[in-house]
Amino acid sequence: MAKRVHQPREDAEFDFILRMSGVPVLAYFIGTWPKAIEPCREMDLVVGELANAYADRLTVVRADITRCPDATRRHEVAGAPSYVLLKDGAAVAHGTGPMSPTALRELVDAHL
């Protein structure tokens, strides 16, 4: 995972990152159960590249669903991998499942 991707250990840390970000936040939710591991690993590279490319315009948070259950519920995450783009703390876009780099960029670009 890219150094520009925050990986909170719990909900309080997730919320702190959101509050401190002065730019939109892409929350990338991952799962650690068997059927979610491989798709999430595939997306780690895509999300990491996006984080590096958008470093000055976007904060990226990689949140484990089991470690951040409140954030998962609050942002209505139903599966992994999932993506929630937040502006000023409000969700403005959602995505679920493996996405191409182009599709993920389009999800973000529509709201930057």
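The model is a predicted one, so local features need pLDDT of at least 70 and side-chain atom pairs 80 or more, whereas totals for chains, interfaces and linings use all residues. Numbering runs from 1 along each chain as its sequence is written, and side-chain values use heavy atoms, without hydrogens or water.

As for burial, 49% of the 112 residues are buried (under 20% relative accessible area, 1.4 Å probe, protein chains only; exposed is over 50%, partly exposed in between).

Two aromatic pairs turn up in the structure. Rings of Phe, Tyr and Trp (its six-membered ring) pair if their centres lie within 6.5 Å; planes under 30 degrees apart are stacked, over 60 edge-to-face, the rest tilted. Phe14 and Phe29 make a tilted pair, 5.9 Å centre to centre with 40 degrees between the planes. Phe14 sits in helix H1 (residues 11-20) and Phe29 in strand S2 (residues 25-30), so this pair ties together parts 15 residues apart in sequence. Phe14 is buried at 0% relative accessibility, and Phe29 is buried with a relative accessible area of 0%.

Tyr28 and Tyr83 are stacked, at 5.8 Å centre to centre and 5 degrees between the planes. This pair links strand S2 with strand S4 (residues 82-87), 55 residues apart. Helices (H or I, at least four residues) and strands (E, at least two) are DSSP runs, numbered from the N terminus.
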